Amino acid sequence: MDLKLINREILLSFWKVHILYHATDGDVIGQWMIKELRHHGYDVSPGTLYPLLKRMEKNGWLVSTVEADRGPKAPRAYRITASGREVLKVVRKQLKELGVEVNKH
């Protein structure tokens, strides 16, 4: 079984859902999110997560801030936007339906 292929083709979407979910509770920092995803069994690297966060921000689902006085390597904090909340609402509905379907057998 090719776990990298599974990560790229399927689980990457799960990571986005986790990020949106955690961003509803407050700011999400990349390093914390990596640890959180690993806690759930996902093998995610900074080289995958940070571009993912930037894409989610570009899509309008997250907005980020950084403390400029902490220098160029300061952690970027991501918060969910109204659009991100709508996306999460759609995803939750679909996950509920998928869960029922997948767990039939």
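Entry one, aromatics. I'm working on a predicted model, and I looked up its ring pairs: there is 1 aromatic pair in the structure. The partners are tryptophan 15 and tyrosine 42, with ring centres 6.3 Å apart and planes at 70°. Over 60 degrees counts as edge-to-face, so I logged this pair as edge-to-face.

Tryptophan 15 belongs to helix α1 (residues 3-23), while tyrosine 42 is in the loop between α2 (30-39) and α3 (46-58). The pair therefore ties together parts that are 27 residues apart in sequence.

Entry two, burial. Tryptophan 15 comes out at 3%, so I put it down as buried. Tyrosine 42 has 14% relative accessibility, so it goes down as buried too.

I stayed with α1 and looked up its packing against helix α4 (residues 82-102): the angle is about 125° and the axes are 10 Å apart. That angle makes α1 oblique to α4. For handedness, I noted that the α1 and α4 crossing is left-handed.

Which residues make the contact? From α1 I listed Val17, Leu20 and Tyr21. Across from them, α4 brings Gly84, Val87, Leu88, Val91, Arg92 and Leu95. Sorted by class, I get 7 nonpolar, 1 polar and 1 charged residues for the contact of α1 with α4.

Key. Residues numbered from 1 in each chain as written. Predicted model: local features only at pLDDT ≥ 70, side-chain atom pairs only at ≥ 80, totals over all residues. Heavy atoms only, no water. Phe/Tyr/Trp six-rings, centres within 6.5 Å; stacked < 30°, edge-to-face > 60°. Helix = DSSP H or I, 4+ residues; strand = E, 2+ residues; numbered from the N terminus. Buried < 20%, exposed > 50% of the residue type's maximum accessible area, 1.4 Å probe, protein only. Axes fitted to C-alpha atoms, helices over the stretch in contact; angles between N-to-C directions. Parallel < 35°, antiparallel > 145°, perpendicular 65-115°, else oblique. Left-handed = near helix turned anticlockwise from the far one by under 90°. Contact = heavy atoms within 4.5 Å. Nonpolar A, V, L, I, M, F, W, Y, C, P; charged D, E, K, R; others polar.
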